[in-house]
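Visitor: I am new to this structure and would like to learn how to read it. Could you take me through a few features, one at a time?

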Amino acid sequence: MEDDNEVYEKAPSSRVPVKEINLKEWAAVIRRRLWIIVLTTVLLAVLGGLYSSQPEVPLYSTSARIMIPAATPEQLSTIKVFIREPVVLERVIKDSGIQRSAGGLRNQISVGSVDNSIVTIISVVDPDPALAPQIVNAVVRVFTEEVSKRMGFNGISVLTAAVESPNPAPINPPSNRALIAGIIAGLVIGLGLALLLESLDDTLRSERDLERILGVDSLGAVPKLQRKDSIGNSRRKNEYVRGEAIGS
């Protein structure tokens, strides 16, 4: 059994100043630093709204489906590589007369497969909804000819050619994503700044802060003295002193 004095001596060591955080303290911090959160949120929301209001060039996508009956997966992969090769793209540019570089046209073209089958999808994204299907069909035609010429592979067939839509819809319609992202970022950054400033602020605001820092219990608190009470007390003290002087 430990001696009482020993327990008493160990007691202060258990009161190591540790800054505890609970929900009430978090709420108090948010109330004190609310202006930072509001200011950051409004600022980033305005920037996001300005970005969202900027006109964006509408883009249209179209695609064609072809079938490549390759003997092996390696041969299929090799043949599909030809679709975006300069030897194909330069011929497409020359035959179509479009004002694009081979690198720029390559960035407009994407190639995919349907469920890892031999059915391949060739897609093109372009600001002109009428030009996009022309480019796709030109790529399919030149690609088929180049594969036959350079690899001796003649089994490529077109399942679905690209056609111009009578009511084309852009793939990048206007949205408020930048505005929403700005609001969320403003809230997160504002809250982070509020907590950072609070962690750097050593001001003691309550008895609990004092007990936590000093490691001792508080016996009481001196209420804040109002100016009116101070004047009243001073007058009563003067009257008491004058009364004592007259009585003496």
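Visitor: How far apart do the end C-alpha atoms of residues 34–52 lie, and how much of the span is helix or strand?

Guide: Keep in mind that this is a predicted model, where local features need pLDDT of at least 70, side-chain atom pairs count only at pLDDT 80 or more, and totals for chains, interfaces and linings use all residues. Residues are numbered from 1 along each chain as its sequence is written, and side-chain values use heavy atoms, with hydrogens and water left out. Helices (H or I, at least four residues) and strands (E, at least two) are DSSP runs, numbered from the N terminus. The end C-alpha atoms of residues 34–52 are 27 Å apart, and the span is 100% helix and 0% strand.

Visitor: Which residues does UniProt list for "transmembrane region"?

Guide: The unreviewed UniProt entry lists residues 34–52 and 178–197 under that name, although such annotations may be inferred rather than shown by experiment. In residues 178–197, which are likewise 100% helix and 0% strand, the end C-alpha atoms lie 28 Å apart.

Visitor: Which residues of α7 are buried?

Guide: Buried means under 20% relative accessible area, with a 1.4 Å probe and protein chains only. The buried residues in α7 include Leu131, Ile135, Val139 and Phe143. In the whole protein chain of 248 residues, 24% are buried.

Key: Buried < 20%, exposed > 50% of the residue type's maximum accessible area, 1.4 Å probe, protein only.
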